Amino acid sequence: MIVDLSRPLTRIEAAAYGTVGVLLFLGIWSLLSLSGAAPREFLPTPYQVATRFGQLLSTQFAGATLPQHLVSSIMRFAYGFLLGAAVGIPLGLLMGWFRVLDEIVSPVFDAFRFIAPIAWVPFAALWFGTGIGGPILIIFAGAFPPCLINSYRGARFVSRPLIEAAQMLGTRNLHIILEVLLPASTASIVAGLRVSAGLGWQSLIGAELIVASTGVGFMMVQAQLNIATATVMSAMVAVGIVGFLIDAGLRWIEAAVRRRGFA
Amino acid sequence: MSRRFVVGLTTIITLGAVWYLVMMPLGLVSPGRFPSPDDVWFSFRQVAFTGYANGLLYQHALQSLRLVVFGFFVAAGTGVPLGLLMGWSRRAEALINPVFLLIRPIPPLAWIPLAILWLGIGDAAKVMVIWFAAFVPSVINSFTGVRTIEPYVIEAARMLGTPRYRFVAEVLIPAAAPLIFTGLRLSLQASWTTLVAAELVGALYGLGRVLNVAQQDIYPGMIFIGMACVAIFGWAMTRLLAEVEARALPWIQMARAS
C-alpha cells in the first residue's frame, strides 16, 4: 500500500474514526486538566467550559450576557461588511469596464491592500473614539479588498464575444455593466464575499480586543484580565459558531447562484 | 513607459500633492487627526534615530520579523506534513478532520487572549497565536494538493513498484507543491496580520507595539509610520515567497499575481 487513495472509507468507518478522533481530543484535554498537569484555572475541563457557556447565556459578564455581546458584534459586522460590499463590488465592476479608472485606482489600492486591517486600529480610535465608526472602519478594511478584487476579476474575465455582441447591439455602458458584467461575474463576487466575511469577522474580533466597551472581543479581554479561562474559551466557541454560520449562509447563497446558472 | 505606469504615477503624485496642500497651506484637516508630510518625516527620524516605544525602528522591525519567520516555520513545519498525511491516508483524514473542523472556525485573532493567559505577553504567546493562524491554510492546501493528484500518476508509480520514500519525494510532494505554496502564501499573510494584532494587544517590542504606543500618545505621525512599515514588510514577504516559489517550481507557469 503506497497510498490508499483508491478505496474511500465507508460511512460507518469514517464516523467511527471521527468519533475516536474527537473523543481523543476531548480525552487528552480533560486528562491534562484533571491530572493537574496544567493548572485548572488556566485549562478548565471541556465540561466546565460547556457549563460556563450555558451560564453565560443568561448571566452577565463585562456588562452584558454572551448573546447581548454577540448581537452588538454582529451589528457592527453587518454595517462594516455591507459597506465594504456596497463600495467594493461597484468599484470593482467599474474598474473592470473603464480602463482609466483601473489605472488610477490600482496603484492606490495596491498600496492600501497590504496594510493589515488590524493596523487601522490606532487611527480608528483617534478618529472615532469608542464610537461605532471605529469598528466599522476596521471591518471595512478587512472586507473591502476581496470584494473589489473578485468583482474586478469577474468583470475582466467575461468572454469577449458576449461583450462585443452587446456593443454591436448598441448597448450603453451602464447597461453593459448591469446586464452583462454583473450577471457574468456573480459567482466570482459571491466567492469574494465569503472571503470578505471571514476577514471582516476576524478583524472585528481583533479590533474589539483593543478598543471597545461591548462585544465578544471586549468580553474576552475582560475575562482574560480576570483569569477566567472558561469564559475566554466560551467566547471563543461563540465566535467560532457565529463565524461558521456566516460562512454557511454565504455558501448557501453561492450554491443557489450556481444552481440558477449565472456562472 | 507604459500608459498604465504613467497614469499610476500621476495619480500617486497628485495624491501626494493633495495631501500636502490639504494639511499644510490650507489646513483643512487638524494635525491632531491626520499627520502632515512634515509630521511623518519627523516621526520617521525620531523612531529611526532616537527611538520610540523602547527601541529604534530597526529593532522593532527585527523583533517582528524574527517572530513572524519563526512562527511561520513552526506552523508550516507541522501543518504541511499533517496535510500531506491526511491527503495520503483516508484513515488519518477521518481521524483528524472532525477535530480540525471543530477548531477551524475560531478566527486566529480570537486565540490572543488565551495565548496571553497561558504564556503572558512574551515571544512564546506570539508564536502560539501565529501557529494557530498559519497552521490551518498549510494543512488545508497540502491536503487538497495531494487529493487533486491525477489518479493515473499514482497508479503508474504503483505499477512501477516505486518504493515508499521515493514515492513521497518524487511524486507526492512535487505534484502537491503548487497548492502547498498557495497554502504557504496564505499562511504567511495570516501570520503577519496576527502578529501585528497580538503586538497591538500586548507586547514590549515590535511594530505592533509602536502602533499601540502611538495610539496611546495620540501621535498621528507615528501611527502613519507604523502602518507604512506593516504594509511594506507585508508586501516584501509576499514578494519574497513568490520569488522562492518561482525558483522552486519553474515548471509552473506563474500566471497568478502575488
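In this predicted model, 43% of the 258 residues of chain B count as buried, that is, with 20 or more other C-beta atoms, placed from the backbone, within 10 Å of their own. Residues are numbered from 1 along each chain as its sequence is written, and chains are lettered from A in the order in which they are written. Because the model is predicted, local features need pLDDT of at least 70 and side-chain atom pairs count only at pLDDT 80 or more, while totals for chains, interfaces and linings use all residues.

Chain B comes to 10 helices and 0 strands (DSSP runs of H or I, at least four residues, and of E, at least two). The radius of gyration of chain B, 23 Å, is well over the 18 Å of the globule rule, so the chain is more spread out than a compact globule; the radius is taken over C-alpha atoms, and the rule is 2.2 Å times the number of residues to the power 0.38.

Turning to the partner chain, the contact takes 51 residues from chain A and 52 residues from chain B, two residues being in contact if their C-beta atoms lie within 7 Å. Helix 1 of chain A gives the largest share of the side that touches chain B, 8 residues.

The largest nonpolar core has 137 residues, and among those with the most contacts inside it are A:V121 and B:I130. Such a core is a set of buried Ala, Val, Leu, Ile, Met, Phe, Trp, Tyr and Cys residues joined through C-beta atoms within 7 Å. Leaving out residues up to four places away in sequence, B:I130 touches B:V68, B:G71, B:F72, B:A75, B:S191, B:T194 and B:L195.

Definitions and conventions
Buried ≥ 20, exposed ≤ 12 C-beta atoms within 10 Å, placed from the backbone.
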